[in-house]
Each structure stands twice: as structure tokens, then as C-alpha cells.
Amino acid sequence: MSAPIVDDKDLGAPSAFTPEGLLSQARRQKGLAGCVVPGVCVLDPDGDIVRDLIRSGRARRDPDWACYHTELYLIDDERGRFGIIGGAIGGSYAVLIAEELFASGCVALVSVTSAGQIAPMGSPPYFVLIDRALRDEGTSYHYLAPARYADADPALIDEVEASLRAADLVIERGRTWTTDAPFRETIAAISARRAEGIVAVEMEAAALYAFGQARGRAVVCFAQVTNQMGQAELDFEKGDASGASAAIRVIEALVPVLGRR
């Protein structure tokens, strides 16, 4: 059967609609100056990290960020500066924002998303550094030819893992299942994913890794495993400051490393 998700795709052809074009028109309409974002930027799908940084007074909104859909916050840390955008949930939205960030000067992108546990690697919450993601979503097929997985850059993942361990941060490493339909995770599908060696389910990594591979961009995705999909008592507890405190420690450890790229 023919399917639009794979039909009529010339993956090497340039796009008629570009992030540079979109941002240029947004700046014109809003009367904004050009915006150069920090070299390291972060996507925070849940928004808990952004809210905590704002609440603590560490984040300030970038007034020149021209995206129609999001607000970019800037954080100046003793280890370096980074930018962060909250609410970037789902592969298509995450990649739309990633395209805009890299068009605006980003050199390395980190995504920290909450995830459901498929195979236990500990007691939630804990972090998984994602090295590959199952492509059970749509966006990746617009960037890469059909395949089962989208892979991270292995050298980059090795570098990130070593940096986090040197900072005494406990991080697991593994593969995840990226889905567009979280409320269609059936028992049979979960069992099959577990048998395949997948440790968590989330909504962005496959799309972001496909984008990174196709565009030659540095992208690192983390799953903050916070739940057992509502099947356990007291589920979805993310820890201190709704998981933001632990996530910020991970981000801060990576800023000087990724900022050198």
C-alpha cells in the first residue's frame, strides 16, 4: 500500500520553506532585531525546567527571539550561557524549533523529555542518555530514508556520557521508542518493545536524531524516566522541583563541553 509518509520524498532536495525565511518575516512583522542564540540550547518539553529557572530568577526572556510559537529564555551560568525553550513536546514541534535555533546560531541542542518506563533501569525518576530511538512517528521520514531506528552521533554520545560521569552524575544509556500517540501504547506493543531492548518511551528523540543526522547538527536527547504510564501507585513523581533540579545539573555539566564544538 502506498503511504504519503514515504511517497514523493526527495530527501536530498532543498526545502521551499526554510526556517531562515520564516524568522525573517517574523522579525519584519514584529519589528525585531536579528537574534543570535547561545551556542548551546535546550528543549524542555514538559516546561518544568523553564518554570523553575524563571521562579529562581535565573532566566530572562530574549526579546529578539522571533519564533511565532515559543519564547526563548537565556541563562548565564558560571560554566557558560545557554538558551532554553519550554513546551516543545512531540517530534514535529521539537524539530520545527530545532530548525529555527540552528538557523539562529545554535551549535549544539539538548532535549530533556519525560518518559515512560519500558524496561527497568532503576526506580523512577532517573535519566537515560538516548543513543538510538525507534521511529514510530512521522517527522523523521521527511529527513531520512525509512529505517527502524534513528541513531545519535556515537562519538558525541560517548563524549557526553564521559563528561557526565566525570561530573559524578548517574546516567543510564539506552534506546527508546518515540511515538506520536502516547495513549495508544498497548500492552502488546510495550511487550514487543521491551523484547527489542527498548528501555523507555518518549515523543521527540527519533525526530530530533533524524534531523541531526540529515542536517549534520549536534543533537543530544535524554529521557527523564518519571513514570510507569500511570500503572503504579504515586506515579509521575519527578523529584525535587518537578525534576528540574536534577535536569539543570545535567544541563550545566554539558554546557562547557558542548559549547566548545
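Start by selecting S15, F17, E99, Y143 and R215: of the 24 residues that line the largest pocket, these lie nearest its centre. A pocket here is an open set of points on a 1 Å grid over the protein atoms alone, where a 1.4 Å probe fits, with protein on both sides within 12 Å along at least five of seven lines; lining residues have an atom within 4 Å of a point. The model is predicted, so local features need pLDDT of at least 70 and side-chain atom pairs count only at pLDDT 80 or more, while totals for chains, interfaces and linings use all residues. Residues are numbered from 1 along each chain as its sequence is written, and side-chain values use heavy atoms, with hydrogens and water left out.

Stay with the largest pocket. About 660 Å³ of space lies in it, a volume being the space filled by probe spheres set on the points, which are joined across faces, edges and corners. α1 (19-30), α3 and α6 each give two or more residues to the lining; helices are DSSP runs of H or I, at least four residues, and strands are runs of E, at least two, numbered from the N terminus. The largest share, 7 residues, comes from α3.

Next, select helix α3 (residues 91-103) and helix α6 (residues 205-215). They pack at an angle of about 35°, with axes 9 Å apart; axes are lines fitted to C-alpha atoms over the stretch in contact, and angles run from 0 to 180 degrees between N-to-C directions. Show the side of α3 with G91, A94, V95, A98, E99 and F102, which meets A207, L208, F211 and R215 of α6. Contact means heavy atoms within 4.5 Å.

Now select E252 and R58. They form a salt bridge, with the closest N and O atoms 2.9 Å apart; the term means a side-chain nitrogen of Lys or Arg within 4 Å of a carboxyl oxygen of Asp or Glu. E252 is in helix α7 (residues 244-258) and R58 in the loop between α2 (48-55) and β2 (59-61), 194 residues apart. The whole structure has 12 salt bridges.

Two backbone stops remain. Most residues other than glycine have a negative phi, and most peptide bonds are trans. P124 and P125 are joined by a cis peptide bond, with omega about 5°; P125 is in the loop between β5 (108-117) and β6 (126-136). Finally, select D8, in the segment before α1: its phi is positive, near 55°.
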